[in-house]
Amino acid sequence: MAILSVNAGSSSLKFSLYPMVSGAVQSQILSGLIEGLEPDGAPQMSWSYQGQKEKRVLNVTGESVFAQALLSLRDLLAQLPGVPTLSAVSHRVVHGASVYRASMLVTDEALDQLSQFNSLAPLHQPHNLEGIRAFREAFVGIPQIACFDTAFHATLPEVEYRFALPESLYQQGLRRYGFHGLSYQYVMGALLEYSDRAKGRTLMAHLGNGASLCAARGGQSCATTMGFSALEGLMMGSRTGSLDPGVLLYLLEHGWDHDRLQKLLYKQSGLLGMSGISADMRRLRADGSAAAKLAIDAFTYRVVRESGALTACMQGLDVLAFSGGIGEHDLTLRAEVGQKLAYLGVLIDPELNARATGSEVMAIHVAASAVEVWVVPTDEGVVAAREAAQLIAAL
């Protein structure tokens with residue numbers, strides 16, 4: 001038996017397959033990506049299985065491109081030799097709001113309720129739910145499991161999740177939720193396996209195109225930089241991060257409408273907006289221009305600034321962990337953040353830092369460091385698979 005973990009976006013689908021032995025989830029044996037599902041796109045599926053990488057152009061057209069692409073994925077799973085029987089499909093769903101605080105078996109009623117949260121995550125939630133609906137049709141009879149990015153932050157204290165807004169607006173759902181929860185759940189679990197100190201005050205940095213920080217005590221989230229939406233907090237690849245609300249009022253007064261503001265906040269800001277070059281940190285590092293340097297420096301500054309805030313909430317720091325595409329691979333950023341957090345007792349070993357390439361969990365601090373520093377390559381898919389395995393075992 002095996003669990004298929006998927007993450008459905010607006011024009012792509014990431015998937016990975018995890019076999020189970022005696023009910024326990026094993027390492028993935030298949031991973032892949034279906035992309036080009038946007039209007040006028042060029043649909044194709046690429047995958048890696050048993051050490052072999054392959055790619056296939058998908059001959060799908062019309063309005064049901066996504067559904068047709070899933071049939072191609074279903075056929076692939078049936079054709080590859082040695083693929084175990086599928087027992088569940090586990091979906092990453094960005095928003096469970098205050099209603100869903102743990103992973104769950106998807107029902108018609110749950111889908112209807114989850115769709116009411118679309119406005120809380122407009123660029124993610126609708127596509128997550130569309131993916132679930134399409135999988136239910138393509139993989140008939142296979143349990144569909146929803147795993148929520150907000151669930152890990154269900155332990156946030158009220159002073160952390162409440163906005164300074166009237167009670168009536170809070171009752172409408174205007175509060176901080178926190179995101180990247182599946183990633184933080186994985187990183188926290190890995191840290192607890194490797195370090196006893198992770199039971200104390202831990203700061204996790206999920207740094208990628210989407211970026212956030214999470215403070216945890218006793219392995220539970222107690223503060224985080226992302227709040228009501230995936231916009232708050234750190235500067236990101238193309239998202240603003242925290243922004244004075246007065247800026248939006250100013251733009252509204254100058255004729256900007258909802259769609260234009262949404263595009264600015266999610267797609268035209270962050271590293272891309274500041275540099276005018278790219279949202280990709282690797283490209284900015286290679287560019288070397290003053291604009292690229294400013295964007296990188298601003299990104300690093302925000303990580304340091306928010307690290308100070310979350311560390312204050314925990315009244316100190318025992319463990320610092322880097323994850324996500326940038327956190328796992330950008331050794332320069334890790335070194336600069338470490339230097340700027342030296343006042344907390346962070347001391348990073350340059351040689352260990354250079355050897356940490358995101359291929360394995362690795363400590364990069366010197367022996368004399370008062371704070372342990374780790375690089376933890378995240379795996380949201382295996383978290384979703386484990387959640388699904390637990391749920392189907394109870395069916």
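Colleague: Which residue stands opposite Ser 221 in S12?
Modeller: That is Ala 216. Bear in mind that this is a predicted model.

Colleague: And what stands opposite Gln 220 in S12?
Modeller: Arg 217 takes that place. Strand S11 covers residues 211–217, and four bridges join S11 to S12, with the two strands running antiparallel.

Colleague: How many residues sit between the strands in the hairpin of S11 and S12?
Modeller: Two residues lie between them, and in this hairpin Gly 218 takes a positive phi near 60°.

Colleague: What about S10 and S11, how many bridges join them?
Modeller: Seven bridges, and S10 and S11 run antiparallel. Leu 203, for instance, has Ala 215 in S11 as its bridge partner. S10 and S11 also form a hairpin, with three residues between them.

Colleague: What is the order of the strands in the whole sheet?
Modeller: The order is S12-S11-S10-S13-S15-S14. These six strands form an open sheet, and the pairing is mixed.

Colleague: Which strands stand at the edges?
Modeller: Strand S12 (220–224) and strand S14 (362–363) do. Each has a single partner strand, so one side of each is left without a neighbour in the sheet.

Colleague: Is S11 mostly covered or mostly open?
Modeller: Mostly covered, as six of the seven residues in S11 are buried.

Colleague: Which helix lies across S11?
Modeller: Helix H6, residues 181–194. Besides S11, helix H6 lies across strand S10 (201–207), strand S13 (319–323) and strand S15 (372–375). The helix runs at about 135° to S10.

Colleague: Changing topic. What does the domain assignment give for the chain?
Modeller: Domain 1 is 2–175 and domain 2 is 196–380. The contact takes 17 residues from domain 1 and 18 residues from domain 2.

Colleague: How far apart are the centres of the domains?
Modeller: The centres of domain 1 and domain 2, taken over C-alpha atoms, are separated by 25 Å.

Colleague: And how much area do they bury between them?
Modeller: Domain 1 and domain 2 bury about 1,400 Å² between them, and 59% of that is on carbon and sulfur atoms.

Colleague: Let me pick a few residues, then. Where does His 91 lie?
Modeller: His 91 lies in strand S7, residues 86–93.

Colleague: Buried or exposed, that His 91?
Modeller: His 91 has a relative accessible area of 2%, and the cut-off for buried is under 20%, so His 91 counts as buried. Leaving aside neighbours within four places in sequence, His 91 is in contact with residues including Val 6, Phe 135, Gln 144 and Cys 147.

Colleague: Where is Gly 9?
Modeller: Gly 9 lies in the loop between strand S1 (2–8) and strand S2 (13–21). The relative accessible area of Gly 9 is 25%, and this residue is partly exposed.

Colleague: Last one. Which strand holds Ser 46?
Modeller: Strand S5, residues 44–49. Leaving aside neighbours within four places in sequence, Ser 46 is in contact with Phe 15, Ser 31, Gly 32, Leu 33, Glu 54 and Lys 55.

Colleague: And how far is Ser 46 from Val 57?
Modeller: Their C-alpha atoms are separated by 8.7 Å, and the two residues are 11 residues apart along the chain.

Technical notes. Residues numbered from 1 in each chain as written. Predicted model: local features only at pLDDT ≥ 70, side-chain atom pairs only at ≥ 80, totals over all residues. Heavy atoms only, no water. Pairing = 2+ DSSP bridges. Contact = heavy atoms within 4.5 Å. Axes fitted to C-alpha atoms, helices over the stretch in contact; angles between N-to-C directions. Buried < 20%, exposed > 50% of the residue type's maximum accessible area, 1.4 Å probe, protein only. Domains from an automatic or database assignment. Buried area = accessible area lost by both parts, 1.4 Å probe.
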